[in-house]
Amino acid sequence: MKCFQTKTLEILGVQRDPGQAVRVLMADNGRYVGAAMVNFKLDQRQKLWDQVQGLTGAPPPKELKKEKAQWLKPGLVGEVETLKGEEKLRHASLKRAWRQ
């Protein structure tokens, strides 16, 4: 049986690959912890993209070299549901996002 927990994490960037679900790259206290899938309905997804567009242009973190990611300036956080008891995000999905 899988047990899930909810965490509030910083959104570092967005990765969009053709044919795949959009992922947000997440950090906990500045440390990258993994990616979460974005499964929002159209109106919620548009609201997220509007928030993302206002924060684009940050340099990629030194430890991450994901070429296709759109890196964000600090200020956007998200509530993520992930498997409980794991250090990195596993089976994670973004539930909501907001600016701090």
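1. The model is a predicted one, in which local features need pLDDT of at least 70 and side-chain atom pairs count only at pLDDT 80 or more, while totals for chains, interfaces and linings use all residues. Residues are numbered from 1 along each chain as its sequence is written, and side-chain values use heavy atoms, with hydrogens and water left out.

2. The largest pocket holds about 220 Å³ of space, and of the 16 residues that line this pocket, E10, I11, L12, L72 and P74 are the closest to its centre. Two or more lining residues come from each of β1 (4–15) and β5 (76–83). Sorted by class, the lining has 10 nonpolar, three polar and three charged residues. A pocket is an open set of points, on a 1 Å grid over the protein atoms alone, where a 1.4 Å probe fits and protein lies on both sides within 12 Å along at least five of seven lines, and lining residues have an atom within 4 Å of a point. The volume is the space filled by probe spheres set on the points, which are joined across faces, edges and corners. Ala, Val, Leu, Ile, Met, Phe, Trp, Tyr, Cys and Pro count as nonpolar, Asp, Glu, Lys and Arg as charged, and the others, Gly among them, as polar.

3. As to the overall fold, the protein has one helix and six strands, in the order β-β-β-α-β-β-β from the N terminus on. Its radius of gyration is 13 Å, close to the 13 Å that the globule rule gives for 100 residues, so the protein is as compact as a globular protein of that length; the radius is taken over C-alpha atoms, and the rule is 2.2 Å times the number of residues to the power 0.38.

4. Strands β2 (residues 23–28) and β3 (residues 31–38) run antiparallel and are joined by six bridges, and V24 has A36 as its bridge partner in β3. Two residues lie between the strands of this hairpin, where N29 takes a positive phi near 55°. Strand β3 also pairs with β6 (residues 93–99), in the parallel sense and over two bridges, with S93 in β6 as the bridge partner of M37. Strands count as paired if DSSP finds at least two bridges between them.

Definitions and conventions
Helix = DSSP H or I, 4+ residues; strand = E, 2+ residues; numbered from the N terminus.
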